[in-house]
Amino acid sequence: MEIVNGFKNSSIERAVGLLTNGDVVAFPTETVYGLGADALNPYAVAKIFEAKNRPHFDPLIVHVGRKEWIYDYTEDVPQDALKLIDIFWPGPLTLILQKKTLIPDIVTAGLPTVAIRMPAHTVALKLIEAFRKPIAAPSANPFGYMSPTKVIHVARTLKGKIPMILDGGDSVFGIESTIISFQSRGVFIHRHGAISEEELSEYVEITHDIKTDSVYRSPGELPYHYAPMKPLKIVHNADEAITANSSFLAFREPSTKPISRYTKVLSKTGDLKEAAANFFSDLIELDRDDVDIIYAERVPESGIGKAIMERLRKASKKGVK
Ligand code: TXA
Ligand code: MG
């Protein structure tokens with residue numbers, strides 16, 4: 001497996017060569033690293049599932065290089081979707097829309113809808129534009145494990161399984177995109193992410209109603225997603241982290257020294273954006289062999305804090321299905 005500088009044109013050309021050949025390539029996005037393949041080639045997409053050990057019922061996000069591409073790959077785009085695309089693309093907002101038949105079933109796990117977004121990362125956009133076709137990509141981690149925000153995370157967990165990683169530096173947001181669908185009474189949030197509910201609600205109505213027969217609940221909503229290997233417990237502060245053989249993920253600088261063996265502070269000043277950017281990489285660090293448990297301090301559930309808590313809750317429910 002090669003790690004190449006994604007900002008170089010020669011690297012992009014080689015990555016395009018691999019994609020054209022039906023191979024997979026890991027690439028940076030503003031949220032987390034993705035593992036990409038030609039979204040229109042079912043054999044190439046199958047390699048993503050294989051490398052990640054991902055069950056085939058879990059559909060992928062299709063990444064486009066221009067806003068107009070949605071007309072090539074999706075149908076019946078609602079007005080609200082156009083509005084949000086205009087405001088938030090390129091950026092970490094994924095829309096679930098009706099798909100055109102051109103998108104193979106393996107990408108959408110047989111669903112009539114496709115999840116689609118235009119990433120805001122120079123390297124990702126260069127790659128997609130040079131390839132001139134959409135790239136299907138989940139986060140570049142083994143299924144169920146935490147999303148990679150640094151090249152090293154991808155290299156460690158997918159070594160020997162993929163031919164190339166484009167290095168584009170650390171992910172700026174550090175939390176995956178927000179996934180939404182369009183219901184008769186507004187927008188439903190399937191996965192809280194880098195664009196907050198508050199930001200969305202400035203432009204569209206948010207609904208908590210979803211017709212379960214009409215819209216598929218994504219596997220990303222399963223309780224055991226995003227989990228470290230070690231059990232994780234959510235606590236109010238360092239005082240509740242009571243066993244020594246533990247790691248402690250603090251939201252802000254703790255007022256009392258934690259008893260835990262390892263501590264990481266997401267943001268000294270309690271800044272939620274900074275906390276999100278450090279979230280997965282700190283959690284990956286704390287998921288060490290010599291601890292029995294990870295304690296994670298609650299973060300305020302406003303803005304991107306909601307996405308952090310959603311991921312912590314899932315991590316804390318590992319094993320529960
Ligand atoms: O920020 C991100 O979204 C990153 C970067 C690489 O773009 N990607 C990412 O992909 O997080 P992944 O596969 O780890 O998560 C995508 C989620 C899955 O939970 C999947 O179930 C859901 O999107 N999804 C995909 N297509 C869907 C559909 N048609 N309906 C409902 N959920 C869908
Ligand atoms: Mg993922």
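This report walks through a predicted model, starting at the ligand and moving out to the helices, an aromatic pair and some backbone details.

## Around ligand 1

Let's begin with the ligand. Ligand 1 has 24 residues around it, and those that come nearest are Thr-31, Asp-58, His-63, Ser-177 and Arg-191. Ser-177 places a polar side-chain atom 2.5 Å from an oxygen atom of ligand 1. For Asp-58, a side-chain N or O atom is 2.8 Å from a ligand oxygen, and for Ser-139 a polar side-chain atom lies 3.0 Å from an oxygen of the ligand. Taken alone, ligand 1 exposes 680 Å², and the protein buries 98% of that.

Which elements give two or more residues to the shell around ligand 1? They are strand 4 (61–63) and strand 7 (113–117). Strand 7 gives the most, with three residues. Sorted by class, the shell holds eleven nonpolar, eight polar and five charged residues.

Helix 2 covers residues 42–52, and its buried residues are Ala-44, Val-45, Ile-48, Phe-49, Ala-51 and Lys-52.

Just after the helix comes Asn-53, with a positive phi of about 60° although it is not a glycine. Asn-53 sits in the loop between helix 2 and strand 4. Is Asn-53 buried or exposed? It is exposed, because its relative accessible area is 64% and the cut-off for exposed is over 50%.

## Helix 7

Just after helix 7, Gly-160 takes a positive phi of about 80°.

Lys-99 lies in strand 6, which covers residues 93–99. Why does Lys-99 count as buried? Its relative accessibility is 14%, and buried means under 20%. Leaving aside its neighbours within four places in sequence, Lys-99 is in contact with Tyr-73, Thr-74, Glu-75, Asp-105, Thr-108, Leu-111, Pro-112, Thr-113 and Val-114.

## Helix 4 and an aromatic pair

The model has two aromatic pairs. One of them joins Phe-88 and Tyr-203 in an edge-to-face arrangement, 5.7 Å centre to centre and with 85° between the planes. This pair links distant parts of the chain: Phe-88 is in helix 4 (residues 79–88), while Tyr-203 is in the loop between helix 8 (197–201) and strand 12 (232–235), 115 residues apart. Phe-88 is buried, with a relative accessible area of 10%, whereas Tyr-203 is partly exposed at 34%.

Helix 4 also holds Asp-86, which counts as exposed because its relative accessibility is 56%. The C-alpha atoms of Asp-86 and Lys-67 are separated by 8.1 Å, and the two residues are 19 residues apart along the chain.

## Backbone details

As background, most residues other than glycine have a negative phi, and most peptide bonds are trans. Where is the cis peptide bond that has an omega of about -10°? It joins Trp-89 and Pro-90. Pro-90 is placed in the loop between helix 4 and strand 6.

Arg-132 is a residue other than glycine with a positive phi, near 65°. Arg-132 lies in the loop between helix 6 (122–131) and strand 8. At 69% relative accessibility, Arg-132 counts as exposed.

Terms used
Residues are numbered from 1 along each chain as its sequence is written. Chains are lettered from A and ligands numbered from 1 in the order in which they are written. This is a predicted model: local features need pLDDT of at least 70, side-chain atom pairs count only at pLDDT 80 or more; totals for chains, interfaces and linings use all residues. Side-chain values use heavy atoms; hydrogens and water are left out. A residue is near a molecule or strand if one of its heavy atoms lies within 4 Å of it. A polar contact is a pair of N or O atoms within 3.5 Å; within protein, one must be able to donate a hydrogen and the other to accept it, and residues adjacent in sequence count only if both atoms are side-chain atoms. Accessible areas come from the Shrake-Rupley method with a 1.4 Å probe; for residues, only the protein chains shown count as cover. Helices (H or I, at least four residues) and strands (E, at least two) are DSSP runs, numbered from the N terminus. Ala, Val, Leu, Ile, Met, Phe, Trp, Tyr, Cys and Pro count as nonpolar, Asp, Glu, Lys and Arg as charged, and the others, Gly among them, as polar. Buried means under 20% relative accessible area, exposed over 50%, partly exposed in between (1.4 Å probe, protein chains only). Contact means heavy atoms within 4.5 Å. Rings of Phe, Tyr and Trp (its six-membered ring) pair if their centres lie within 6.5 Å; planes under 30 degrees apart count as stacked, over 60 as edge-to-face and the rest as tilted.
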